[in-house]
Amino acid sequence: MPRNNKSFNKNLALVVALALLFVIPSWMKNKYYLHVAITIFFSIGLAASLRFIMNTGQISLAHAAFVGIGAYFSAVLVKKLGFSFWLAMPMAGMISAFVGALIGYCTLRIKGVYFILVTFGLIEIFRIVFTNFWKPLFGGAMGIVGVPAPVIRLPFLNPIVFSSKVPYYYLALCLCIFSLWIMYRIEKSAIGKVFFSIKQADHLVEAVGVSLMKYKVMAFTIGCFFAGMIGSFFAHYYRNIFPNNFTMWYSTDILVAVIIGGVASFSGPIVGATILAFFSEALSAFRMYQTLVFGLVLIFTILFVPQGFMGLYPRLTPLIKRLSARNVSRAHDVGDRGRVP
Amino acid sequence: MILETVIQSVFNGIMLALVYILIALGLTLVFGIMRVLHFAHGEVYMLGGMLTFYFASVLGLNYFLALMISIPLLALFGILLERFFFRPIRGNFDAALVLGLGLLLTLQSSALIIFGIEDKSHPSPFQGILHLFGATLSMERLGIVPIAVGLIIALLLFVEKTKPGKAMRAVAQDLEAAQLMGIDVDRISALAMAIGSALAAAAGGLIMPIFVTEASIGGPALLKAFVIIVVGGMGSIGGVVFAGLILGFIDSFGAVLFGGPIASILGFLLLIAVIMVKPTGLMGHGE
Amino acid sequence: MRKWGLVLCCVVVMLGVVSLNPLLAQAPKELKIGFIAPLSGPAAPWGITWLRGVEMAIKDINGAGGMNVKGQAYLLKVISEDDKYNPALTTNAAHRLIDEHGVKFIHGSITSPGAIATSTVSEPAKVIIMVGGAAKNRLGPEKPFTFCIHVGHSEQAFTAYPWVAKAFPKIKTVASIQPNDETGQAYVEMVTPLYSGLGWTSASVEYYERGTKDFYPLLGKVLPKNPDFVNLSGNPAGTIGLIVKQARELGYKGVMMATGAIDADTLMKVAPAQALEGFISDSMTIPGPHLFPAEEKFYQRYMKEYGPPWQALAIDSYDGTMMLKKAIEQVGSVTDTPAIRDVFANMTYEGIRGKVFYGGEKTYGIKRQLATDFVLSIFRNGKPENTVRINGMVP
């Protein structure tokens, strides 16, 4: 089989990048930078999982609620019921997925803008439920404090408790890579193609006899699964969770990461989450004007790159082609031309 | 005791409903014509209250005069928003969402900085309390009912009877056909933003003497408008009025019966129940 | 030859620099203090006010030449972070301040979840933090570096309620209207156990979502229970004004009270004078009886610099910063935080409100809750009349 230069280079670049990421903690000792890296990893995971749902044309602003469900259930499982974190994390993902499936089944029959508005309602319901109901379990407004750190118990060895940032870094990185890999595989498969067709022209898909609800609920459930797993990580990393952590604003942060990165490209969430994280760091210099500056930058960024930063890529490619004198053509998914509600 | 509470809740429900309806109407107008979810609409409502307060309390103008200055000012603001921010990204729903979010954050933070952190209120021109079968009806709350109803009727007449109004309906129904008929979509979009912002500003200005205005009242108001639009059906004025009344009554009766937190959820549960049965809203048109 | 001349010059210059060093050591150094609070969104007024108190203190300290730490002058600089009321952002900010900027003293965050989020990062790093909030688990012997420098409405209740019970012996039933978040829930939890000792019973506890402006529905649930006393402590002044106005419109005639640094101007703007008649509060008429000259001076200064509304919260962060300065100077180090902590905790300080000190050993297990005076007033003819000065000590 003739070797495909392009994809070999792409894979090599990926491997090198991953290797670098794994090596970073050995020379970067600053706890703060490690913390930023960790938050970037799980933000990427969340943005990717939201984008996964958006692949079927549904924008969910309730995504933070599913992170919260995963976080709360994982905290309860480990702190109050004594489960091991390693069991609790996938369980949290599954609980989140289950709730997602239930809610998806009820609400995904509506389209576009209506669905977004419904997700607003969902996140409010979530907040009120966790603030007011089952207080002995969920702690009410005071949340769950003192969520235990993960512990690795191997036979014949002392238990390894996650006390410094380094094990969390590797856990976050692995979780991120795992989530991205699975979502990528699904997206590139036949199922992924159905998702995209639903986004582009759902009435046509229906006309061909494919069950819209089945695929929409599937995408929603899978997206919520990863949100739940990351939520579990969130709980055991921050060690305290409160209803205030999982508000509409957190959902919009995730959405902004997806759109700024570019919803059409799989790498969009990676780019978007990273840019947003670095930008938030730079923002802190503005003290009490942080939110104002953030709003302004958001406005002007979206006016200049309405397709997101990865949407610039097709424009850059001819430039790169000319510079590198390679004669390979690329097909790019340029993405949305406006949403049909 | 029960009768009093019921009467109070009914009147209160109507008053709340009218304010929500004014806000929701603006939102549905903008969506119907521009096909974007105007996230910053709640901030226009807040600015309506702020500007009315500024002209009435700080500059000492007559309250109604203050209203009549604030509303056109914010209508103009709506036009500027359409021209410089929404028009460049027309058709891109996702980008418009982020844009609206950016506007929301910018406007809310600016309001905090410019107008200050304290709660703002101004005495209402309608003073006094009416007692009906033992129920308390404050004149300031009753006073806004005719004004709000008048605005809603004015909007209905505009959309049904006037040429620009019909053009708006045409654009909302079928953008391409409307363009083929020679309708200038840019101008109609600007008109929609102007009217929508004016209605929201009116709501803000009317509510300011009764309650308080401060920089963060936009968010909860927007959320109410969202619920109304989904329940009533996007693009249907009658649907918005109907859904607004339902939500007003739920809010009014709900807290009396169940307390604050549960009453809040009720509105959202209604939302979900309605869309499960009729996904385009109670009076919405299929799209 | 030239080469040696050059070397000689360098040596001379170096010697000169070395000999100048003692003088250089007198140049003031900079000490960074961290600050985390909501500076945007609905909770912004509290964060902004807290920051203002800190800034006023820093202005005074730096204006007098800075802190004197064993002969070395230190000028203070505050690095402020907006955590937008989200404890995850509080954690991010805490990491930034502690791990990147290396600060050893932080104001914030000002709510209970924020305090817990900050302390999770600050305690292992032995960083002293000054917080607000009311929840029981935000202070404790396992968090020796966490201090509450704010006497809030929960703390005031311990001494305010007994006074109210004595002044209004007819009170038997109490209704409470609180925001549906940690402030409200923590208040109810802390304060309800006090009722039985005073012969009170709770008629009703109702929560509302922050941002609610229309209380007719909620009052429609509370007032039919005929409470003798409606307690609105901890709510924002504007909201209190609305509840008082609406309750009186609905015909409620009982006693109403609210403490928690309630601003009188806002109250008077929102609620008409006849509705406020007899309202008990910790709003004050300044100048007025029961006040110290220092309080009046601080009020004038605050209003001149920042304008209305008056937020007494600024006094807490001002005094807290000043107390910290005193502790640092006494220990003679800006890095020995265990020693500074112990001096801070055992200090008796002459603050703007008179003598302040740390207590709360019985409630929290460790002396980390500030005790300071506050004045209760009763509204007459539309203005608060300062009535009694009480010490806000938590057992």
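Contact means heavy atoms within 4.5 Å. The legends below use the term in this sense.

This is a predicted model, in which local features need pLDDT of at least 70 and side-chain atom pairs count only at pLDDT 80 or more, while totals for chains, interfaces and linings use all residues. Residues are numbered from 1 along each chain as its sequence is written, chains are lettered from A and ligands numbered from 1 in the order in which they are written, and side-chain values use heavy atoms, with hydrogens and water left out.

**View 1. The two domains of chain C.** Domain 1 of chain C covers 29–152 + 311–352, and domain 2 covers 154–259 + 262–289 + 377–391; such bounds come from an automatic or database domain assignment. The C-alpha centres of these two domains of chain C are 30 Å apart.

**View 2. Where domain 1 of chain C meets domain 2 of chain C.** Ten residues of domain 2 of chain C are in contact with 13 residues of domain 1 of chain C. Between them the two domains bury about 890 Å², with 58% given by carbon and sulfur atoms. Buried area is the accessible area (1.4 Å probe) that two parts lose on being put together, summed over both.

View 3. C:Arg138 and C:Glu155 form a salt bridge, with 3.5 Å between the closest N and O atoms.

**View 4. Chain C against chain A.** Chain C gives 32 residues to the contact and chain A gives 29 residues. The two chains bury about 2,700 Å², 51% of it on carbon and sulfur atoms.

**View 5. Pairs across the interface of chain C and chain A.** Two salt bridges are found across this interface. A:Glu281 forms a salt bridge with C:Arg96, where the closest N and O atoms are 2.9 Å apart. The interface of chain C and chain A also has 14 residue pairs in polar contact, both at pLDDT 80 or more.

Conventions
Salt bridge = Lys/Arg side-chain N within 4 Å of Asp/Glu carboxyl O. Polar contact = N/O pair within 3.5 Å; in protein donor to acceptor, adjacent residues only side chain to side chain.
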